[in-house]
Amino acid sequence: MTTDAERRETGRSMQRFFHFLFKGDKTIWFVILGLMFISIVLVFSATSNIAFLSEQRGGGFYNPIIRHSGHVFFAFMVCLVGSRIPPKVFAGMSRLLVLISVVLLLLVLLMGVERNDGKRWIEFFGVEFQPSEIARFALINFAAFRLGKADYKEKAAFLGVAIPTAVIALLIFIENISTALLIGAVVFLMGIIAQANRKMLTMTFLGLVAAGGLGLAVLMILPSSMLEGKGRLATGKARIERFFKSTDEDGESKLDMNNKDYQIVQSKKAMARGGITGVGPGDSEARYFLPQPYSDFIYAMIVEEYGLAGSLVVLALYIILFFRIAIIAGRTNSMYLKLMLMGIGLAITLQAMINMLVATGVFPVTGQPLPFISRGGTSYIITAAYFAVLLSVSNAAEHEREHRIAEAGGVAVETEEVPEIVEYEDNDQDHR
């Protein structure tokens with residue numbers, strides 16, 4: 001018979017095991033596991049059409065969900081392994097990753113895989129991926145490293161971030177307008193958080209507003225025929241036009257129910273059917289009509305099957321993630337760690353908010369998936385890499401905090417060795 005002492009020892013052993021297994025902030029791990037579970041359940045329901053086709057072709061009904069579950073498991077392993085990598089490794093690769101991103105983005109324009117009238121993917125050794133996803137992390141990492149230096153208020157530091165951002169955003173803009181704007185917005189917000197050169201930030205903001213307004217005006221004036229063959233510019237123009245012309249002067253809907261506005265119409269129908277409590281798991285009708293119910297419009301599936309209550313749970317996970325990141329960032333003195341945390345947090349949560357706003361018809365259709373929920377291959381794994389870096393940085397931030405507390409109390413640190421964050425130049429001592 002097991003004694004109380006043995007049960008307590010077993011409990012402590014399990015606690016030590018989970019502490020060893022799950023490095024990094026436990027709240028972030030809770031969000032990761034929650035999103036993974038939701039992803040498997042939702043994608044299983046959303047891919048029923050693909051499953052039936054797979055079965056008819058002799059591939060097996062469960063093949064699509066087995067494949068997605070494999071991606072989820074691999075993403076879980078990426079998080080486990082990546083959480084153990086010291087942040088200084090990412091900092092040391094910041095310049096190299098930006099250079100690689102630029103090269104990959106140029107290769108996409110020259111030899112990218114074309115889908116839906118756009119080149120966003122590139123194939124190496126039979127594996128397809130989107131370089132824009134790699135570029136997003138590379139740019140966040142580079143901006144955090146550069147702005148994390150002691151000279152972050154200098155114009156040179158600002159330009160050192162602004163120029164690579166402009167180059168990468170422009171290369172992405174040709175084929176993926178929404179991703180380019182999202183990347184630019186995240187880096188700009190990082191500059192505000194870092195208190196970069198205020199004059200340069202103000203000039204950049206005004207310049208972006210002016211350029212954006214001019215670019216939008218030109219895009220709307222030019223006939224669609226002139227934009228054909230210019231990447232996704234024609235598609236972007238059409239989506240913006242449909243969004244702003246969705247109602248007439250009396251407020252009545254002008255949506256094209258069967259053609260151009262088919263996706264958003266079906267998405268709104270799905271959410272209307274969901275109501276407060278939803279129609280129930282696996283009982284969605286939208287999955288038979290939405291072109292990509294498991295990707296761009298998976299939030300509509302969530303509302304339809306689980307209602308407003310289910311959609312609020314998903315929303316809450318992203319909000320919890322962001323505020324937890326903000327709390328951890330506030331506890332570290334390292335500007336690099338602070339900016340990495342906030343940059344990745346902004347990238348994930350902003351993309352999630354945009355996906356939700358698109359599904360509800362509040363924002364023009366962009367093609368942004370719901371992070372860590374939408375079905376994907378390499379895109380899902382790359383998102384896992386973002387989370388892995390988040391765990392790595394949160395782990396280093398926690399060790400830094402424990403070390404400061406121990407030093408202040410004159411107590412030796414009993415946790416693992418405090419990782420070296422970044423090796424800066426001599427003028428960077430204040431931010432180590």
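Select E304 to start: at 0% relative accessibility, E304 counts as buried, where buried means under 20% relative accessible area, exposed over 50%, and partly exposed in between (1.4 Å probe, protein chains only). The model on your screen is predicted, so local features need pLDDT of at least 70 and side-chain atom pairs count only at pLDDT 80 or more, while totals for chains, interfaces and linings use all residues. Residues are numbered from 1 along each chain as its sequence is written, and side-chain values use heavy atoms, with hydrogens and water left out.

**Around E304**

The side chains of E304 and R273 meet in a salt bridge at 2.9 Å, N to O; the term stands for a side-chain nitrogen of Lys or Arg within 4 Å of a carboxyl oxygen of Asp or Glu. Because E304 lies in helix α14 and R273 in helix α13, this pair ties together parts that are 31 residues apart in sequence. Helices here are DSSP runs (H or I, at least four residues), numbered from the N terminus, as strands are (E, at least two).

Next, bring in E285. Its side chain meets that of R273 in a salt bridge of 3.9 Å, N to O. E285 sits in the loop between α13 and α14, 12 residues apart from R273. E285 is partly exposed, with a relative accessible area of 42%, and R273 counts as partly exposed at 30% relative accessibility. Together, R273, E285 and E304 are linked in a network of salt bridges.

Which side chain makes a polar contact with the side chain of E304? Select S284: the two side chains are 2.5 Å apart in that contact. A polar contact is a pair of N or O atoms within 3.5 Å; within protein, one must be able to donate a hydrogen and the other to accept it, and residues adjacent in sequence count only if both atoms are side-chain atoms. S284 is in the loop between α13 (262-274) and α14 (298-331), and at 2% relative accessibility it counts as buried. Leaving aside neighbours within four places in sequence, S284 is in contact (heavy atoms within 4.5 Å) with V279, M301, E304 and E305.

**Along α13 and α15**

Colour α13 next. This helix has 13 residues and reaches 19 Å from its first C-alpha to its last, close to the 18 Å expected at 1.5 Å a residue; the expected span is 1.5 Å times one less than the number of residues. Its buried residues pack against α14 and α15. Just after α13, look at G275, with a positive phi of about 60°.

Move on to α15 (residues 335-359), where 25 residues reach 36 Å from first C-alpha to last, close to the 36 Å expected. Helix α15 is mostly covered, with 22 of its 25 residues buried. It is followed by G361, whose phi is positive, near 85°.

**Further stops**

Select G376 in the loop between α15 and α16 (378-409). The C-alpha atoms of G376 and S295 are separated by 7.6 Å, although the two are 81 residues apart along the chain. At 14% relative accessibility, G376 counts as buried.

For the last stop, show R324 and D25, whose side chains meet in a salt bridge of 2.7 Å, N to O. The pair links distant parts of the chain, 299 residues apart: R324 in helix α14 and D25 in the loop between α1 (4-21) and α2 (26-46). D25 is buried, with a relative accessible area of 10%, whereas R324 counts as partly exposed at 22%.
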